[in-house]
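Welcome! Let's take a friendly tour of the pockets and aromatic rings in a protein model.

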Amino acid sequence: MRKSFQFRIYPNKNQEVKLNRTLSTSRHLYNDSLAERKRQAELNNLCRSFEVCPWEKPEWINYYDQKRELAVTKTLFQKEVYSQVLQDVIKRVDRSFKNFFNGSGYPRFQGRERYNSFTYPQTGFGIEDGKLILSKIGSIKLI
């Protein structure tokens with residue numbers, strides 16, 4: 001059985017900046033990962049159209065390829081964000097493509113208004129003494 005709890009957080013100015021930067025970095029990574037997959041699909045489509053492929057068969061980028069590449073090509077902004085948050089962003093892109101192949105619409109690029117959350121999937125967070133502790137952000141008051 002799953003349970004969910006709702007809390008309201010009250011970050012100070014420094015934490016608010018870190019939260020917004022984490023959200024912005026996650027959104028940029030989502031859009032970059034989506035653009036990379038879209039570019040690969042267009043290359044595969046060209047190969048199929050002209051029947052000339054430099055590689056033997058069409059290659060597709062998957063979650064593990066992008067996750068492996070992320071570890072090598074992290075920017076300074078991405079180094080300020082907890083690594084599992086970034087991995088979850090790539091998992092979101094992968095999930096949206098799986099949904100597309102199962103009949104949903106093509107994944108969209110996310111603007112500032114549409115991308116409004118990030119996830120700590122396994123570790124890096126905790127609740128102690130009425131405060132939410134987030135890795136690389138700090139201890140945030142919550143009610």
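This is a predicted model: local features need pLDDT of at least 70, side-chain atom pairs count only at pLDDT 80 or more; totals for chains, interfaces and linings use all residues.

The largest pocket holds about 450 Å³ of space, and the second largest pocket holds about 270 Å³. Across the whole structure, a search turns up eight aromatic pairs.

**The largest pocket**

- Rolling a probe the size of a water molecule over the atoms shows where empty space is left.
- In the largest pocket, 14 residues form the lining, and those nearest the centre are Phe118, Thr119, Tyr120, Leu132 and Leu134.
- Helix 1 (13–50), strand 2 (125–128) and strand 3 (131–134) are the elements that each give two or more residues to this lining.
- Sorted by class, the lining of the largest pocket contains eleven nonpolar and three polar residues, with no charged residues.

**The second largest pocket**

- The second largest pocket is lined by 14 residues, and Arg37, Trp60, Ile61, Phe97 and Phe101 lie nearest its centre.
- At least two lining residues come from each of helix 1, helix 2 (63–72) and helix 4 (83–101).
- Helix 4 gives the most to this lining, supplying five residues.

**Aromatic pairs**

- A pair of aromatic rings is described by the distance of the centres and the angle of the planes.
- The search of the whole structure gives eight aromatic pairs.
- Phe97 and Phe101 form a tilted pair, because their planes are at 40°, and their ring centres lie 6.4 Å apart.
- Phe97 and Phe101 are four residues apart in helix 4, so about one helical turn separates them.
- Ring pairs also join Phe97, Phe100, Phe101 and Tyr106 into a cluster.

**Buried or exposed?**

- Is Tyr63 buried or exposed? Tyr63 counts as buried because its relative accessibility is 9%, under the 20% cut-off.
- Phe97 is buried, with a relative accessible area of 8%.
- Phe101 is exposed, with a relative accessible area of 60%.
- Phe97 and Phe101 are also among the residues nearest the centre of the second largest pocket.

Notes
Residues are numbered from 1 along each chain as its sequence is written. Side-chain values use heavy atoms; hydrogens and water are left out. On a 1 Å grid over the protein atoms alone, a cavity is a set of points where a 1.4 Å probe fits but cannot get out, and a pocket is an open set with protein on both sides within 12 Å along at least five of seven lines; lining residues have an atom within 4 Å of a point. Grid points are joined across faces, edges and corners, and a volume is the space filled by probe spheres set on the points. Ala, Val, Leu, Ile, Met, Phe, Trp, Tyr, Cys and Pro count as nonpolar, Asp, Glu, Lys and Arg as charged, and the others, Gly among them, as polar. Rings of Phe, Tyr and Trp (its six-membered ring) pair if their centres lie within 6.5 Å; planes under 30 degrees apart count as stacked, over 60 as edge-to-face and the rest as tilted. Buried means under 20% relative accessible area, exposed over 50%, partly exposed in between (1.4 Å probe, protein chains only).
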